[in-house]
Amino acid sequence: MPIVNIKLAKPALSKEQKAELIADVSELLSTKYHKAKERVVVMIEDVEPYDIGFGGESVEKIKARTQK
């Protein structure tokens, strides 16, 4: 049973976009890797920009700096 965990930085995708992403990932694993689609688990997690960092700085701060 493949388990795919996708973490996305907010702003999050819409419900419709998430449903499409789940369907696309499931289809890819089914067609390319011959996994039973009904056994594919896809989990999407939205992550706040202040919970993600690059080079010791949060994404929130990086975005604020670049928007000035």
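**Radius of gyration.** I looked up the radius of gyration and found 16 Å for the protein. A compact globule of 68 residues would have a value near 11 Å. I note here that the model is predicted. I then took the box along the principal axes, and the C-alpha atoms fill roughly 45 × 25 × 15 Å.

**Secondary structure.** I counted two helices and four strands in the protein. Reading along the sequence, I wrote the pattern down as β-α-β-β-β-α.

**Contacts along the chain.** I took the contacts with a separation of 6 or more, and 57% of them are between residues 24 or more positions apart.

**Surface and burial.** I noted an accessible surface of about 5300 Å² for the protein. Carbon and sulfur atoms hold 54% of that surface. I also looked up burial: 18% of the 68 residues count as buried.

**Charges.** I listed 12 positive and 11 negative charges in the protein. I compared their mean positions and found them 4 Å apart.

**Nonpolar core.** Which residues make up the largest nonpolar core? I found five: I6, V25, L29, V40 and V42. I then followed I6 and left aside its neighbours within four places in sequence. The contacts of I6 include V25 and V42, both of which are on the core list. I6 also touches L21, M43, I44 and E45.

**E48.** I located E48 in the loop between β2, residues 41-47, and β3, residues 53-54. Is E48 buried, partly exposed or exposed? Its relative accessibility is 23%. Buried means under 20% and exposed means over 50%, so E48 falls in between and counts as partly exposed. I also checked E48 against I22, 26 residues away along the chain. Their C-alpha atoms are separated by 21 Å.

**S58.** I found S58 in strand β4, which covers residues 57-58. Why does S58 count as buried? The relative accessible area of S58 is 16%, and the cut-off for buried is under 20%, so S58 is buried. I then looked up what S58 touches, not counting residues up to four places away in sequence. The residues are P49, Y50, I52 and G53. Of these, G53 belongs to β3, residues 53-54.

Key: Residues numbered from 1 in each chain as written. Predicted model: local features only at pLDDT ≥ 70, side-chain atom pairs only at ≥ 80, totals over all residues. Heavy atoms only, no water. Rg over C-alpha atoms; globule rule 2.2 N^0.38 Å. Buried < 20%, exposed > 50% of the residue type's maximum accessible area, 1.4 Å probe, protein only. Contact = heavy atoms within 4.5 Å. Areas by Shrake-Rupley, 256 points an atom, 1.4 Å probe, with all protein chains shown as cover. Lys, Arg positive; Asp, Glu negative; His and termini not counted. Charge placed at Lys NZ, Arg CZ, Asp CG, Glu CD. Core = buried A, V, L, I, M, F, W, Y, C linked by side-chain atoms within 4.5 Å.
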